[in-house]
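Hello,

Here is the structure for you to open alongside this message. My notes follow it.

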Amino acid sequence: ISIFAPFFKEKERKRIKIMLALFTTMALTIFVVEAQIPVPVPIPGVKLGLANVITLIVLVVYRPRDAFAVLVLRILLGSIFTSTPVSLLYSLTGGILCFLGMALLCKLLQKKHLWFISIVGAVLHNVGQILAAIAVMQSVQVIAYFPFLLVTGCITGFFTGIAADRVIHFLPKSIFPKPAEKPAKNGKHS
């Protein structure tokens with residue numbers, strides 16, 4: 001059986017790449033559809049952040065670097081389809097800060113309490129957007145939006161986290177990566 005191990009490893013890597021491509025497609029689709037939904041509050045930067053459900057799912061089910069790749073591809077492609085280069089800066093800054101916070105909390109909280117991890121991610125996303133706005137507009141006055149973004153980020157982050165947790169709970173186990181084969185004590189594969 002061990003002579004077929006490289007074949008099975010390669011097959012599993014391809015399966016994971018296909019799953020990540022599907023997750024990227026789902027996140028991009030959600031992002032593009034959400035961009036068409038009018039936001040009920042007239043505050044720049046406020047949105048539901050539904051594509052983050054996919055980022056959270058990938059972060060929990062796969063590796064952090066896989067979730068980061070899905071996030072960055074979604075932001076880059078989403079910006080091409082729906083927005084301007086300046087929006088790309090806001091999205092990337094917010095998205096990367098959000099990802100770093102969520103990845104750290106996933107590790108510290110052992111991937112539990114996704115509602116909390118998502119709230120922190122949403123708030124960090126808003127912090128990143130405010131920092132980008134300060135840099136672009138060369139004015140700290142945009143900080144006046146932060147209390148509103150903080151409240152909406154907590155609300156949307158909570159629901160995004162709950163949604164991700166529920167989806168993960170009902171995902172078929174067949175899409176989860178298979179555990180890596182561990183070498184036996186004598187150095188040979190079992």
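A search of the whole structure finds zero disulfides, a disulfide being a pair of cysteine sulfur atoms within 2.5 Å. C106 is buried at 4% relative accessible area. C154 is partly exposed at 30%. Buried means under 20% relative accessible area, exposed over 50%, and partly exposed in between (1.4 Å probe, protein chains only).

This is a predicted model: local features need pLDDT of at least 70, side-chain atom pairs count only at pLDDT 80 or more, and totals for chains, interfaces and linings use all residues. Residues are numbered from 1 along each chain as its sequence is written, and side-chain values use heavy atoms, without hydrogens and water.

Next, a helix pair. The axes of α2 (residues 51–61) and α6 (residues 146–170) come within 9 Å and cross at roughly 50°. That makes α2 oblique to α6 (under 35 degrees is roughly parallel, over 145 roughly antiparallel, 65 to 115 roughly perpendicular, the rest oblique). On the α2 side, the contact (heavy atoms within 4.5 Å) is made by N52, V53, L56, I57, V60 and V61. From α6 come T160, G161, A163, A164, V167 and I168. These residues divide into nine nonpolar, three polar and no charged. Gly counts as polar here.

Last, the loop between α4 (85–108) and α5 (114–137). Q110 lies there. Q110 has a positive phi of about 50°, although it is not a glycine. It is exposed, at 59% relative accessibility. K111 lies in the loop between α4 and α5 too. Phi of K111 is positive, near 60°, and K111 is not a glycine. K111 is partly exposed at 38%.

Best wishes

Definitions and conventions. Axes fitted to C-alpha atoms, helices over the stretch in contact; angles between N-to-C directions. Helix = DSSP H or I, 4+ residues; strand = E, 2+ residues; numbered from the N terminus.
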